[in-house]
Amino acid sequence: MMRKPTIILVHGFWGGAAHWSKVIVELAKKGYTSIKAVELPLTSLADDAERTRKMIAQQTGPVLLVGHSYGGAVITEAGDQPNVIGLVYIAAFAPDAGESPGGITQEHPPVAAPNLAPDSDGYLWVKPELFRESFCQDLTSDEGLVMSVTQKAPLASTFGDAITAPAWKNKPSWYQISSEDRMIAPENQKRMSARLGARRVITLASSHASLASQPVQVTDLIDEAAHALGYV
């Protein structure tokens with residue numbers, strides 16, 4: 001029996017590593033002892049991928065990368081490291097070479113697109129009073145308030161940063177679609193998950209924040225990936 005891999009969790013736009021809090025607890029319950037959550041600068045895809053590569057390089061054993069939202073683009077760009085054994089996408093972007101999150105978003109604009117607002121420094125925010133209905137409508141009002149106040153805005157230019165060599169072409173992948181997602185249109189998630197050749201695709205009746213509203217199901221998919229790869 002091989003030891004469990006290190007799970008590296010990669011957050012997306014408008015949130016930090018703490019967005020994974022409930023999944024971290026569930027992974028620990030399943031016996032995962034090496035769990036990392038990258039804190040991305042959200043300043044460019046290159047910066048975010050480099051931060052993630054450094055985290056991967058610090059691990060001595062196999063790594064299973066898990067990306068939510070824009071974090072899917074990050075693991076797509078950074079997941080080509082030799083100790084990465086697989087990729088798990090949680091309501092996430094999975095761009096092909098030359099594609100950007102912004103370009104994919106334009107194919108099917110999400111419901112909450114009008115609720116984004118840039119500031120004078122070039123950062124893009126979800127309007128605080130509309131955060132819960134945009135990002136996490138299936139969480140409590142208190143949870144939505146905390147996510148709104150603590151949101152981590154990306155530089156708007158990051159949306160246009162394109163993937164160079166997608167790791168999913170060489171690494172096995174899994175994908176979770178959020179059918180009630182208002183930040184990444186479900187149509188885009190279905191298209192991306194289909195072309196991945198993912199070993200399994202599941203659909204949750206969830207907001208964009210499935211990692212917070214349905215952490216047990218999200219964790220089960222991560223655990224399933226680890227088992228399928230021979231790490232139990």
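Biologist: Which residues in helix α7 (residues 186–196) are buried?

Modeller: Keep in mind that this is a predicted model. Around the α7 axis, the residues in question cover an arc of only 155°, which puts them on the same side of the helix. On the other side of α7, K190 and A194 are exposed. The buried set is P186, N188, Q189, M192, S193 and L196.

Biologist: And what do those buried residues of α7 pack against?

Modeller: They sit on the same side of α7, since their arc is only 155°. The elements they pack against are β4 (84–92), α4 (101–107), β7 (173–178) and β8 (200–204).

Biologist: Is A209 buried or exposed, and at what relative accessible area?

Modeller: A209 is found in the loop between β8 and α8 (210–213). Leaving aside neighbours within four places in sequence, A209 is in contact with H68, F135, C136, L139 and M147. Buried means under 20% relative accessible area. A209 therefore counts as buried, at 0%.

Biologist: How many residues apart in sequence are the parts that K22 and E143 tie together?

Modeller: The side chains of K22 and E143 meet in a salt bridge (2.7 Å, N to O). K22 lies in helix α1 and E143 in helix α6 (residues 141–149), so the parts this pair ties together are separated in sequence by 121 residues.

Biologist: How about R200 and E224: which secondary structure elements do they lie in?

Modeller: Their side chains meet in a salt bridge at 2.7 Å, N to O. R200 is partly exposed, with a relative accessible area of 39%, and E224 is partly exposed too, at 28%. The pair ties together parts that are 24 residues apart in sequence, with R200 in strand β8 and E224 in helix α9 (residues 215–228).

Biologist: Last one: which side chain makes a polar contact with the side chain of S34?

Modeller: S34 is in the loop between α1 (21–29) and β2 (35–38). Beyond its neighbours within four places in sequence, S34 is in contact with P5, T6, I7 and Q59. The polar contact, at 2.7 Å, is with the side chain of T6.

Methods. Residues numbered from 1 in each chain as written. Predicted model: local features only at pLDDT ≥ 70, side-chain atom pairs only at ≥ 80, totals over all residues. Heavy atoms only, no water. Helix = DSSP H or I, 4+ residues; strand = E, 2+ residues; numbered from the N terminus. Polar contact = N/O pair within 3.5 Å; in protein donor to acceptor, adjacent residues only side chain to side chain. Contact = heavy atoms within 4.5 Å. Buried < 20%, exposed > 50% of the residue type's maximum accessible area, 1.4 Å probe, protein only. Arc of directions from axis to C-beta. Salt bridge = Lys/Arg side-chain N within 4 Å of Asp/Glu carboxyl O.
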